[in-house]
Amino acid sequence: MTDTSIIRAAPLPRAKGTQTAIGLTLAALIAGLWLAVHVWAIFIYEISWSNWPVALAVAALQCWLSVGVFIVCHDAMHGSLAPGRPTLNSAIGGVLLFLYAGFAWRKMRAAHYDHHRHAGTRGDPDFDADNPRSAARWYGTFFRRYFGWPSILFVSSVVTVYWLLVGVPMVQIVLVYGLPAIASSLQLFYFGTYRPHRQEDAAFADRHNARSNAYPAWLSLATCFHFGYHLEHHRHPDVPWWQLPAKRRQEMISETTA
């Protein structure tokens, strides 16, 4: 499925191979560390009053890694994770989306394509046209649209197995599994949806109805794996997350010299 308004022209063959190698390596590091932290936090670590700060630190790390996992899936939706290899993109994106929160690959990908086609309008599934300036109400709409019964069933099943079959204390499940999952959805929403697409008195730059966070690269990485450079992403959806800082610098230079 190719839509030139969503996926631009593919990179040249040599650049395509380099992009694939870097993208898959970074995806393996992010997803691998995410899974490793989860396994350690659930099956090895034992929370107590003396080490509860460790649980909070683990939760913060896992929240950030969860954001990274979703951004990897997002690149897979655009085919920029492994350019020219749609089956591989779908396989990686589908598995990681399901592990993230029981999300269905085709449904999420179709919704994201609609977001690009109708950004900032009523046809945009990520946008709350009735509350375009309220983060709290918009997040409520966002949550209800995406976290349906399949996700609730998936998360409930995981919690039940960990609690009743494995014997993991509920407080530990909440701190190192539940809290990072919810916090990552808030982080993705705030930095990757609300801030870029919220309506302000100043008009948007173009039809994409998006703006970019004016953060340095290190803070952009910490907040949302550069997804906050959102106008650049909408203009160039074939550019993977790790190349967005360079694309932003390039466009800023072009604008100043025009």
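This is a predicted model: local features need pLDDT of at least 70, side-chain atom pairs count only at pLDDT 80 or more; totals for chains, interfaces and linings use all residues.
Residues are numbered from 1 along each chain as its sequence is written, and side-chain values use heavy atoms, with hydrogens and water left out.

**The largest pocket**
- The largest pocket has a volume of about 550 Å³. A pocket is an open set of points on a 1 Å grid over the protein atoms alone, with protein on both sides within 12 Å along at least five of seven lines. A volume is the space filled by probe spheres set on the points, which are joined across faces, edges and corners.
- Its lining counts 29 residues, with Y100, A101, V155, Y177 and A181 nearest the centre. Lining residues have an atom within 4 Å of a point.
- Helix α7 (170-197) gives the most to this lining, with 11 residues. Helices are DSSP runs (H or I, at least four residues), numbered from the N terminus.
- By class, the pocket lining has 21 nonpolar, 8 polar and no charged residues. Ala, Val, Leu, Ile, Met, Phe, Trp, Tyr, Cys and Pro count as nonpolar, Asp, Glu, Lys and Arg as charged, and the others, Gly among them, as polar.

**The cavities**
- There are 2 cavities of 30 Å³ or more; in a cavity, a 1.4 Å probe fits but cannot get out.
- The largest cavity has a volume of about 300 Å³. Of its 20 lining residues, F70, M108, D126, F142 and T193 are closest to the centre.
- Helix α7 provides the largest share of that lining too, at 5 residues.
- The second largest cavity has a volume of about 40 Å³, and its lining includes W241 and W242.

**The cysteines**
- A search of the whole structure turns up 0 disulfides, a disulfide being a pair of cysteine sulfur atoms within 2.5 Å.
- The sulfur of C63 is 9.9 Å from the closest cysteine sulfur, in C224, so it's too far for a bond.
- C73 counts as buried, at 1% relative accessibility.

Key
Helices (H or I, at least four residues) and strands (E, at least two) are DSSP runs, numbered from the N terminus. Buried means under 20% relative accessible area, exposed over 50%, partly exposed in between (1.4 Å probe, protein chains only).
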